[in-house]
Protein chains: 2
Amino acid sequence: MAWHVFIPDSLLEETDDPKIRTYKVGQVARACAIFGVEHIWIYRAGGRDGKFIKLVLEYMETPQYLRKRLFPLMPELKYVGVVPPLRTPHHKLKGKPRVGDIREGFAFRRGKRVYADIGLDELAMVEGSVEGRWTFRIISVRPLRVIPAKPTGYWGYRVHLSGKPLAKTLKKAGLNVTIATSRMGLDVREAEIPPLRGEVGFVFGSPRKGVSELLGGEFDFDAVLNTVPNQRTATVRTEEALLATLAVFNLMRRD
Amino acid sequence: MAWHVFIPDSLLEETDDPKIRTYKVGQVARACAIFGVEHIWIYRAGGRDGKFIKLVLEYMETPQYLRKRLFPLMPELKYVGVVPPLRTPHHKLKGKPRVGDIREGFAFRRGKRVYADIGLDELAMVEGSVEGRWTFRIISVRPLRVIPAKPTGYWGYRVHLSGKPLAKTLKKAGLNVTIATSRMGLDVREAEIPPLRGEVGFVFGSPRKGVSELLGGEFDFDAVLNTVPNQRTATVRTEEALLATLAVFNLMRRD
């Protein structure tokens, strides 16, 4: 099973302060990492912050030791220091390398060889011809050698800036189960929850428009659920609904 | 039933930035308001921010129109503007007064009479001799008159800075059911949850110390639960655990 989360590019439309805007995207990153979300989709909803949201999410997801290689200095990242780190399994500390360790790395050609920065004191020699960011397994410590490998367990999320409205974004994602969250939805305590299997998507509305308004009937959800029944505040913010919803569905997860 | 939340005065010990510190306390306020928490207890855990946390929580809980009366200008409140408002039922907008309306107000003596600011264009005459912040019911519109009243439904939270360690704070609170949250706790999906009735407390540890470490065996919890089973990040922050835990228990609430 893989979890997908859908958020609008208007996520930040009620927030002017650049530091708080960064922090909010960080809250989304944290919530997704805590609950093992593998794909974050940013759909078009009249906002202007799609690129910024993607940038901060990807920066957060990148292991600290690779950030300098992958992200040039840019003003949009001025405040990323305020967001707590994800500390997911793929954000490894330096430590002593061991054969079999899986580490995220950045591979590049130097002369005839390919080397990878895997966050250790020395570069690793790569067996294979990949370049760019990649997941590697250590196959030898002296000399340090790695091969491209598949991660085991949760290994961060990918960010998709769809550039398209919600309905088209959902179609592109090719989900098995799609659950929308809405204050107008069925009380999650009473609704029949479709079995969670395959690619499961959780859809969140924008600060000013709920999912049904954004969708205009162009997509059939498997369920539209109110995951915060009996809320005492007039509104629940997207980043709050995200954490609450994932916390609730985490309890139903059995994989 | 009334819900109590227990947070440490060390909540902010990993956060230096004053704007983000304010925002984090705001996250606590928002989470508590969304789920109808009536009491927030700040216990002593070696932190230095008890007063600041209390101040921001109380500021957030106060209806906008009473803030100027109740909070003098102070540097600690410099950044409160970044926190989204609670928008709970007791944060009423101006509107047209009607007999029977319940509004939060601030009462003060002027000459022989007591008046209350209840957030309308004119002051209300108070029947009774209360002073300070109070809840009122409108009994006449022309002239505008109010009497002290009990709120109906959720009416915000009270903040208690206990000045004492967790065990003593818990004893003082006089709870019927006390639930601690901990990564080391029983998986909430499998644990037997004690029936929620009367005064129910949810206890959260500090950034560096879990509840059991803070407690030293001085208090018997009804349950110690892991409300974020299978977390993918090394840590879950107190403000994240708070929202996740309340979201989970909100589904068990039946009052």
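## A guided tour of the predicted model

Begin by selecting A:Lys168, which has its place in helix 4 of chain A. The model is a predicted one. A:Lys168 is exposed, its relative accessible area being 51%.

**Salt bridges in chain A**

Over all chains, the structure holds 30 salt bridges. For one of them, select A:Lys24 and A:Glu239, whose closest N and O atoms are 3.3 Å apart. A:Lys24 belongs to helix 1 (residues 18–34) of chain A and A:Glu239 to helix 6 (residues 238–250) of chain A, so this pair ties together parts that lie 215 residues apart in sequence. Both A:Lys24 and A:Glu239 are buried.

Next, display A:Asp117 with A:Arg69, whose side chains meet in a salt bridge at 2.7 Å, N to O. Here strand 4 (residues 113–117) of chain A supplies A:Asp117 and helix 3 (residues 64–70) of chain A supplies A:Arg69, so the pair ties together parts 48 residues apart in sequence. Are these two partners buried or exposed? A:Asp117 is buried, with a relative accessible area of 11%, whereas A:Arg69 counts as partly exposed at 40% relative accessibility.

Move to chain B and select B:Arg133 and B:Glu104, which form a salt bridge with the closest N and O atoms 2.9 Å apart. B:Arg133 lies in strand 6 (residues 132–140) of chain B and B:Glu104 in strand 3 (residues 102–110) of chain B, so the pair ties together parts that are 29 residues apart in sequence. B:Arg133 counts as partly exposed at 25% relative accessibility, while B:Glu104 is buried, with a relative accessible area of 5%. Now return to chain A and select A:Glu61, A:Glu104 and A:Arg133, which are joined into one network by salt bridges that share partners.

**Buried elements of chain B**

Select helix 6 of chain B, residues 238–250: its 13 residues reach 18 Å from the first C-alpha to the last, close to the 18 Å expected at 1.5 Å a residue. This helix 6 of chain B is mostly covered, with 13 of its 13 residues buried.

Then select B:Phe6 in strand 1 (residues 2–8) of chain B. B:Phe6 counts as buried, at 0% relative accessibility.

**Backbone geometry in the loops**

In chain A, display the backbone from A:Arg142 to A:Pro143, which are joined by a cis peptide bond with omega of about 0 degrees. A:Pro143 lies in the loop between strand 6 (132–140) and strand 7 (145–148) of chain A. In chain B, the peptide bond from B:Arg142 to B:Pro143 is cis, with omega near -5 degrees, and B:Pro143 is in the loop between strand 6 and strand 7 (145–148) of chain B.

Two further stops in chain B concern phi. B:Arg87, which is not a glycine, has a positive phi of about 55 degrees. The loop between helix 3 (64–70) and strand 3 of chain B holds B:Arg87, and B:Arg87 is partly exposed, with a relative accessible area of 43%. Finish at B:Asn230, a residue other than glycine whose phi has a positive value near 65 degrees. B:Asn230 is found in the loop between strand 11 (223–226) and helix 6 of chain B, and B:Asn230 is partly exposed at a relative accessible area of 45%.

Definitions and conventions: Residues are numbered from 1 along each chain as its sequence is written. Chains are lettered from A and ligands numbered from 1 in the order in which they are written. This is a predicted model: local features need pLDDT of at least 70, side-chain atom pairs count only at pLDDT 80 or more; totals for chains, interfaces and linings use all residues. Side-chain values use heavy atoms; hydrogens and water are left out. Helices (H or I, at least four residues) and strands (E, at least two) are DSSP runs, numbered from the N terminus. Buried means under 20% relative accessible area, exposed over 50%, partly exposed in between (1.4 Å probe, protein chains only). A salt bridge is a side-chain nitrogen of Lys or Arg within 4 Å of a carboxyl oxygen of Asp or Glu. The expected span of a helix is 1.5 Å times one less than its number of residues.
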